[in-house]
Amino acid sequence: MSLDPGIWLAALLTLGIFSFLYRDNPAYKVCEAIFVGVSAGYWFVSLFWQNIWPKLVLNLRDAAGLLFGHGVWDPRWLYLFAGILGLMMLMRLLPKGGWISRWPLAFIVGTTAGLYMITYLQSNAISQVHDTLVPLAGPGSGRLLFLPLPFAVHWNALFVFAGTFTGLVYFFFSVEHKRLAGGTARVGILFLMVTFGASFGYTVMSRMSLLIGRMDFLFGQWLGLAR
Amino acid sequence: MSLLDRVLKLDRRWIFLLVALAVTVPLFLRIEQKIEVTPESRGIVRALEALPPGARVLLACDYDPGSAAELQPMTAAFLKYALSRGLRVVVMGLWPQGPMQADLALQEALAHPAVAALAPRYGVDYINLGFQSGNEIVIQRMGSSVPAAFPRDARGRPIEEFPIMSGVRDFGAFGYVFSISAGYPGTVEWVQFAGDRFHAAIGSGTTAVSAPLYYTYFPRQVTGVLGGMKGAAEFETLTGFAGKGTAFMLSQSFAHIVVVLFVVAGNAAFFLARRRRAATPPEVTP
């Protein structure tokens with residue numbers, strides 16, 4: 001069993017959170033409040049010392065030193081612009097000054113959209129379309145299970161293409177989902193359901209991993225019982 | 001009360017208890033589970049194998065303790081493998097706690113006999129550049145100047161002091177970029193900016209929740225994907241550095257069996273109850 005007070009505190013807080021699984025109780029509420037408070041405090045301190053202090057305060061201090069000490073203008077004065085935008089964002093806390101925060105917000109939305117417009121389109125649209133279509137023409141197998149075919153087919157790529165196409169048909173609402181369109185859309189639903197099932201399976205694995213991590217901590221690091 | 005009614009009215013705390021047992025009991029068992037390796041994991045090892053000793057790899061630890069159960073085994077295994085092969089590892093993080101997690105993994109890796117035998121030195125064979133705020137903008141900046149994005153290491157010393165950073169200008173200095181990612185910023189941003197824009201070779205280690213999203217990048221935009229704890233176990237199997245990823249897979253399997261059984265039982269009970277309701281004649285009110 002660990003003699004480290006930090007391990008003990010973490011173990012007791014873990015048990016306090018787990019106690020909610022039985023029923024809501026004061027111990028859980030205390031642990032939850034501690035978690036929320038510590039998280040908020042951590043992020044506040046972290047953001048101050050890793051963003052505001054080094055990037056705003058220190059840069060402006062150095063820029064001011066250069067300007068007033070040596071008469072040299074330094075491009076780091078631009079951080080003042082970012083600082084002003086940050087202050088404008090806080091104006092939303094004022095009852096009558098809320099509209100001021102829309103300006104920095106517009107700046108953020110505009111720069112983000114500009115930054116992402118090409119990169120996102122390239123990485124998550126054009127490249128995906130490329131990878132869905134191009135392999136169809138590549139080398140593949142000339143067999144269907146055990147039967148030889150007179151031509152080569154890249155089955156995996158064909159499957160991906162069929163899933164993409166039928167899935168898109170399902171979301172194409174300009175045509176009534178009847179007859180051919182309806183049948184294709186139904187196949188698309190099947191692909192979507194398999195996709196959601198795979199995502200659910202991975203989510204279960206992810207959550208179980210977190211539980212395993214906590215159990216390993218309790219029975220391993222804290223109690224020293226597990227391997 | 002029939003069995004069907006019992007199943008339908010089962011207190012969910014019994015499920016919690018069974019899942020807890022399924023996860024905990026295997027931690028005490030000494031059963032080895034065979035790990036099937038997927039092409040997505042093999043792709044990462046192949047890319048690393050192709051690098052000559054002395055090549056630099058960039059390890060981006062973009063996660064926090066909340067995802068450590070899944071991602072820490074990956075980080076540790078990656079560091080053990082890379083350092084034991086004589087690769088030079090540059091660690092950084094776009095999440096504040098990422099480099100701290102990397103430090104823990106480095107301690108574990110440096111204590112491994114295969115790594116300790118080579119006695120890697122800080123600043124020469126590996127370095128931790130720490131956290132830099134700015135999310136994807138940091139990656140963008142690294143594409144033109146790594147020293148501008150990371151002028152100092154995690155301990156606050158200028159990076160010019162370290163031989164490992166000598167001649168590092170942009171992503172061209174790195175033979176491989178491995179993004180261990182728990183969300184934003186993470187693998188998506190590394191693929192978009194470092195991979196597709198600056199043509200860096202990228203590998204992704206990610207939480208299982210994110211894995212289905214990142215598989216779409218394989219094999220052209222990323223050379224491989226390690227999805228969750230299973231991905232870590234696969235990497236450990238391939239590299240021979242068995243660690244917690246492999247050890248925890250038995251718990252993972254037991255838990256999945258319990259979940260699948262309850263999904264089947266729940267569905268069976270639902271359909272049986274629906275059939276029973278349909279067979280029951282409606283009450284006629286006078």
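Two rings of Phe, Tyr or Trp, the last taken by its six-membered ring, form an aromatic pair if their centres lie within 6.5 Å; a pair is edge-to-face when the planes are over 60 degrees apart. The model on display is predicted, and a search of the whole structure finds 23 such aromatic pairs over all chains.

**First stop: ring pairs in chain A**

Select A:Tyr42 and A:Trp43. Their ring centres are 5.9 Å apart and their planes stand at 85°, so this pair is edge-to-face.

Next, select A:Phe81 and A:Phe107. The centres of these rings lie 5.7 Å apart with planes at 85°, so the pair is edge-to-face. A:Phe81 belongs to helix α3 (residues 78–90) of chain A and A:Phe107 to helix α4 (residues 102–133) of chain A, so the pair ties together parts that are 26 residues apart in sequence. A:Phe81 is partly exposed at 47% relative accessibility, and A:Phe107 is partly exposed at 40%.

**Second stop: chain B as a whole**

Display chain B by its secondary structure, which consists of twelve helices and six strands. The C-alpha trace of this chain spans about 90 × 45 × 30 Å along its principal axes. Of the 286 residues in chain B, 51% count as buried. Among its contacts between residues at least 6 apart in sequence, 75% join residues at least 24 apart.

Within chain B, select B:Phe78, B:Tyr81, B:Phe178 and B:Phe235, which ring pairs link into a cluster. Then move to B:Tyr122, where the charged end of B:Arg155 sits over the ring, 3.8 Å from its centre.

Centre the view on B:Thr75, in helix α4 of chain B. Is B:Thr75 buried or exposed? Its relative accessible area is 0%, and B:Thr75 is therefore buried, a class that takes in values under 20%. The side chain of B:Thr75 reaches the backbone oxygen of B:Leu71 at 3.0 Å. Leaving aside residues up to four places away in sequence, B:Thr75 touches B:Leu59, B:Cys61, B:Tyr63, B:Ala102, B:Ala105 and B:Ile180.

**Fourth stop: where the chains meet**

Show both chains and select the residues in contact: 54 from chain B and 39 from chain A. The size of an interface is often given as the accessible area lost when the parts come together. Here, the area buried between chain B and chain A is about 3,900 Å², with carbon and sulfur atoms giving 60% of it. On the side of chain B, the residues that lose the most area to chain A are B:Leu27, B:Gln192 and B:Arg220, together 14% of what that side buries.

How many salt bridges cross the interface of chain B and chain A? The rule finds two. Select A:Asp131 and B:Arg220, whose side chains meet in a salt bridge (2.6 Å, N to O). Between chain B and chain A, 16 residue pairs are in polar contact.

Now highlight the helices of chain B.

Finish at A:Tyr22, where B:Arg13 lies over the face of the ring, at 4.7 Å from the ring centre.

Definitions and conventions:
Residues are numbered from 1 along each chain as its sequence is written. Chains are lettered from A and ligands numbered from 1 in the order in which they are written. This is a predicted model: local features need pLDDT of at least 70, side-chain atom pairs count only at pLDDT 80 or more; totals for chains, interfaces and linings use all residues. Side-chain values use heavy atoms; hydrogens and water are left out. Rings of Phe, Tyr and Trp (its six-membered ring) pair if their centres lie within 6.5 Å; planes under 30 degrees apart count as stacked, over 60 as edge-to-face and the rest as tilted. Helices (H or I, at least four residues) and strands (E, at least two) are DSSP runs, numbered from the N terminus. Buried means under 20% relative accessible area, exposed over 50%, partly exposed in between (1.4 Å probe, protein chains only). A charge sits over a ring if NZ of Lys or CZ of Arg is within 6 Å of the ring centre and within 35 degrees of the ring normal. Contact means heavy atoms within 4.5 Å. Buried area is the accessible area (1.4 Å probe) that two parts lose on being put together, summed over both. A salt bridge is a side-chain nitrogen of Lys or Arg within 4 Å of a carboxyl oxygen of Asp or Glu. A polar contact is a pair of N or O atoms within 3.5 Å; within protein, one must be able to donate a hydrogen and the other to accept it, and residues adjacent in sequence count only if both atoms are side-chain atoms.
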